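Dear colleague,

I am passing on a structure that will be new to you, and below it I have written out what was found in it. Please read the notes with the model open beside them.

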Amino acid sequence: MSLGFGRTYLAIPGPSVMPDRVLNAMHQPAPNIYAGPLHDLVDRIVPQLKALAGTRQHLAIYIANGHGAWEAANANVFSRGDQALSLVTGQFGIGWADSVRRMGVEVQEIDFGRRTPVDPARVAEALAADKAHGIKAVLLTHVDTATSVRNDVAALRAAIDDTGHPALLMVDCIASLGCDPFLMDDWGVDVMVAASQKGLMTPPGLGFVWFSDKALKTCRNADLRTPYWDWTPRAAPQLFHQRFGGTAPTHHLLGLGEALQMIDEEGLPAVWARHDRLARAVWAAVDGWGTEGRITLNIADPAHRSRAVTSIRMQAPDATALRNWTEAKAGVTLGIGLGMAPMDDPAWHGFFRIGHMGHVNAHMVMGVLGGIEAGLTALGIPRGEIALGAAAAIIAEA
Ligand SMILES: *Cc1c(COP(=O)(O)O)cnc(C)c1O
């Protein structure tokens, strides 16, 4: 007998839960790509995506996942032999740096560990040391989904500006867009990368690159740019098909259009507030279990925690046992630990993550927490008692 039957919850940090409205919007015959409703839909989606990112500047859309969006951004910014400064706070920072390096760019990496955010002062030091201004761009992950750290983009921009260094600021918002506030223009971000399958509640397959006037100008001669990845025709198409470099991703657009409509109906500030409240409920529960047990939040400072995903540390192999239990017995699939230990190291089994991004509400979060608590009990893992009550108290706040 299992209590996992019923509606399951894929509580991993992407792909996220897809709303029925998104699924239904996609359940349609192929639309005409030459004229009609699909064109109207794209005319609506583009300004919605710019508003979501907090920009009035440029947007290119790609048929790609996050890795593809990274590569799209890289191709438009860099020439072979250029230099980049990559700021690492988890596995995804490493991944982006790797992608740039393999395209022929010389990457200098500063690693801030797995439990703390970027220190803007150290970045300023590195830029000040670059007297010749060889570094073309600084690469930052807003929220590193592996560690669940959230970096302060505005503070980093200020530190870069204080050095007088002209480097572009490129930011990966794949995990945070539509969950944590992001204000591309206000924060002085030059290139911003996201994808469809996290806060945007749409299947994996759409990648987005927003870019500033400055990035457009600086990168006019980037020699890594190839016809398919070139952001220029996509951002300012003369013909509809140029926006997508060919046939439009019809059904992804139908789904995304509905998801953006849902965000508009709720209101972006309310979407952010919901993620904040639900994240705080998760943190309260984990802190509650941690008083007696062997469970801790990976990021100690609440000011630097993601509101979309929470990375949790336990003693190995407790985390794997717990994930297996909740999936089999409670219908809740938790995220694996990513990049906190090598996968063939026994310590790997001491980490897990809870995704609380996108189409998630109070009962889902209380459900995932209840499932975890039941699992801890069933497995005899020591824990504090006040966790669910503490989470409920956050949900109940006026
Ligand atoms: C999910 C994610 C990626 C990778 O996206 P894919 O669609 O898996 O290629 C990159 N960066 C961050 C911060 C992510 O959360």
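Pro 317 sits in the loop between β12 and α11, the latter covering residues 318–330, and the peptide bond that joins Ala 316 to Pro 317 is cis, with omega about 0 degrees. Please keep in mind here, and in everything that follows, that this is a predicted model. A cis peptide bond is also found from Gly 14 to Pro 15, where omega is near 0 degrees, and Pro 15 belongs to the loop that runs between β1 (9–11) and α1 (20–26). Another backbone detail concerns His 133, a residue other than glycine whose phi is positive, near 55 degrees; His 133 is placed in the loop between α5 (120–129) and β5 (135–141).

Turning to the overall layout, the chain is divided into domain 1, made up of 9–16 and 267–397, and domain 2, which covers 31–264. The centres of domain 1 and domain 2, taken over C-alpha atoms, are 28 Å apart, and each domain brings 30 residues to the contact between them. About 2500 Å² is buried between domain 1 and domain 2, with carbon and sulfur atoms giving 57% of that area. On the side of domain 1, the residues that lose the most area to domain 2 are Trp 272, His 304 and Arg 307, which together account for 23% of what that side buries.

Which residue does Arg 307 form a salt bridge with? The partner is Asp 180, and the closest N and O atoms of this pair are 2.8 Å apart. Between domain 1 and domain 2 the count is one salt bridge, while 16 residue pairs are in polar contact across the two domains. Within the side of domain 1 that touches domain 2, α10 (268–290) and β12 (309–313) each supply at least two residues, and by class that side has 14 nonpolar, twelve polar and four charged residues.

For the model, the count of salt bridges comes to 20. One of the salt bridges joins the side chains of Asp 98 and Arg 101, at 3.7 Å from N to O; these residues are three apart in helix α4 (residues 91–102), and so about one helical turn separates them.

Finally, an unreviewed UniProt entry lists residues 9–341 as "domain: Aminotransferase class V". In the model, the end C-alpha atoms of residues 9–341 lie 26 Å apart, and the span is 40% helix and 18% strand.

With best wishes

Technical notes
Residues numbered from 1 in each chain as written. Predicted model: local features only at pLDDT ≥ 70, side-chain atom pairs only at ≥ 80, totals over all residues. Heavy atoms only, no water. Domains from an automatic or database assignment. Contact = heavy atoms within 4.5 Å. Buried area = accessible area lost by both parts, 1.4 Å probe. Salt bridge = Lys/Arg side-chain N within 4 Å of Asp/Glu carboxyl O. Polar contact = N/O pair within 3.5 Å; in protein donor to acceptor, adjacent residues only side chain to side chain. Helix = DSSP H or I, 4+ residues; strand = E, 2+ residues; numbered from the N terminus. Nonpolar A, V, L, I, M, F, W, Y, C, P; charged D, E, K, R; others polar. UniProt positions renumbered as here; feature names shortened; annotations may be inferred.
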